[in-house]
Amino acid sequence: MVGPSPALLFLLQSLLLIGGPFLLWRLGGGRHVAPMVVIQILFGVALGPSLLGRLAPDLWGVLFAPAALVPLSGLALMAVVFFAFLTGLHLDPAEFRGRGSAFAAVALSSMLVPTLLGGALGWWLAGAFPAMTGPRATPGLFAAGFGICVGVTALPVLGAILREMGLLGDRVGRLALGYAAVNDALLWLLITAVLAWTAGDGGAGGGAGGDGGKGWAVATVALLGFAYVGVTVLAVRPLLDRLLERVAPDGRMGDTAVVVTCAALLASAAVTEVIGLHYILGAFVAGTAMPRRFAAAILDRLEHFSTLILLPFFFTLTGLKVTLTLDDPAQWTVFGLASLVTLVGKMVGTALPARLTGECWPDALRLGTLMPCKGLMEVIVLTVLLEAGVLSGSCFSAMVLMAVTVTALTQPMTRLAGRWRPAEMEGAALGGSGR
């Protein structure tokens, strides 16, 4: 029997990937259980070898054979480039101004505490389960990458969750978004350092005699990266400001303005790829370089198409990389410990400093339960580290499952924390009502 033509196969794949998750989320009741990104990730994993590949191997072989995935790879790359750009566009530096030392302390702690705990866990895992480390990873490099994965908080997905819960205009919601913005900024700095380390290290087997050369290579890549960020801030941003002002004087993103924006995005991604850093970093930098007064208009033109149409292709290729082995204790150990350390680290790193800086316990706990939200940002970081050879495929699969689990738990944990009222607050409320 003759199989479908390449064009028909691509159209069937596109229909399945774009329509399937949205129907499950919108019509299947998924929106009452988890944010859209969780449904999309789970749908992608379900289409992979772990589920569809086992239940219907013949169908899976036709739909997702290696040759059939070639057209999807370019769309997946574009999807993640645009998502990183939109994440940078969401990151408004004005959010950091005037927040005070209390905000800075909680924001930094919410990232650094889980990252350090994750790094310690990663160091132990590298010794206990060597198969979890990637082909280019030393124990230290694996620990650094693993720590970053534990410390991630996804700003765009958190915003979607807050919107669904009606907390977007709430003070706790605004604080959580501010903390997540700082987390994202720190995330890209840490990823830059790890990618520079990886680019400067020819592999885990390098000898001691090459340490000086590797150190110089790491320093070179890092310096080039920070130099590029400096040039972007000092020269590219003013140029984009003037250019967009000329092609979109009324603030509306017409065809020319959209092309200018996309050209800047792709050029920035290409530059960081040439430097030796990942193209995703360049896309993120391009987002932060866009003039703030055009941010809402750019998001209006690009965000829905990118998240609803392009991203499902990225999730499919991600899901095809996920292989969950039920009888692999190492994989489930990584999943369980990473989930636990993420939840505990984010809670301790956020709720305790928030309480110490003046928040009441219910609000501090709500902030702590919101920060483990990971979503797509975690999947992107995991993909970067997998491609860089820091994580193995088995570790990647376990960590994708962790990202889905803790993101799905964000809403119910926050609702539960919001219902808890300490005895002293109950007493105060009763006393106030009796006056």
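Is F313 buried or exposed? F313 is buried, with a relative accessible area of 3%, where buried stands for under 20% relative accessible area, exposed for over 50% and partly exposed for what lies in between (1.4 Å probe, protein chains only). The model is a predicted one, in which local features need pLDDT of at least 70 and side-chain atom pairs count only at pLDDT 80 or more, while totals for chains, interfaces and linings use all residues. Residues are numbered from 1 along each chain as its sequence is written, and side-chain values use heavy atoms, with hydrogens and water left out.

The overall picture comes next. The chain holds 18 helices and zero strands; helices (H or I, at least four residues) and strands (E, at least two) are DSSP runs, numbered from the N terminus. Of its 435 residues, 52% count as buried. Contact here means heavy atoms within 4.5 Å, and among contacts between residues at least 6 apart in sequence, 81% join residues at least 24 apart.

A pair of aromatic rings is described by the distance of the centres and the angle of the planes. Rings of Phe, Tyr and Trp (its six-membered ring) pair if their centres lie within 6.5 Å; planes under 30 degrees apart count as stacked, over 60 as edge-to-face and the rest as tilted. Across the whole structure, six aromatic pairs are found. One of them joins F10 and F313, a stacked pair with 6.3 Å centre to centre and 10 degrees between the planes. This pair links distant parts of the chain, with F10 in helix α1 (residues 6–26) and F313 in helix α13 (residues 295–321), 303 residues apart. F10 counts as partly exposed at 26% relative accessibility, whereas F313 is buried at 3%. For W124 and F129, the ring centres are 6.0 Å apart and the planes stand at 85 degrees, so this pair is edge-to-face. Both partners count as partly exposed, W124 at 48% relative accessibility and F129 at 23%.

What of the empty space? Rolling a probe the size of a water molecule over the atoms shows where empty space is left. On a 1 Å grid over the protein atoms alone, a cavity is a set of points where a 1.4 Å probe fits but cannot get out, and a pocket is an open set with protein on both sides within 12 Å along at least five of seven lines; lining residues have an atom within 4 Å of a point. Grid points are joined across faces, edges and corners, and a volume is the space filled by probe spheres set on the points. By this rule there is one cavity of 30 Å³ or more, and the largest cavity has a volume of about 30 Å³. Its lining consists of L17, P21, Q40, F43, G44, P312, F315 and T316, with α1, α2 and α13 as the elements that give two or more residues. By class, this lining has five nonpolar, three polar and no charged residues; Ala, Val, Leu, Ile, Met, Phe, Trp, Tyr, Cys and Pro count as nonpolar, Asp, Glu, Lys and Arg as charged, and the others, Gly among them, as polar. P21, one of the lining residues, has its C-alpha atom 8.7 Å from that of L42, 21 residues away along the chain. L42 sits in helix α2 (residues 36–46) and is partly exposed, with a relative accessible area of 41%.

At least two lining residues each come from α9 (171–200), α10 (211–247) and α12 (279–289), and α10 supplies the largest share, seven residues. The lining divides into 15 nonpolar, five polar and one charged residues.

Two further sites complete the description. E359 lies in the loop between α14 (329–356) and α15 (361–370) and counts as buried at 12% relative accessibility. Its side chain makes a polar contact with the side chain of R171 at 2.7 Å; a polar contact is a pair of N or O atoms within 3.5 Å, and within protein one must be able to donate a hydrogen and the other to accept it, with residues adjacent in sequence counting only if both atoms are side-chain atoms. Leaving aside neighbours within four places in sequence, E359 is in contact with R171, L175, A354, A364 and L367. G145, in helix α7 (residues 139–151), counts as buried at 0% relative accessibility. Not counting residues up to four places away in sequence, G145 touches L385 and V390, and its C-alpha atom is 8.9 Å from that of V381, 236 residues away along the chain.
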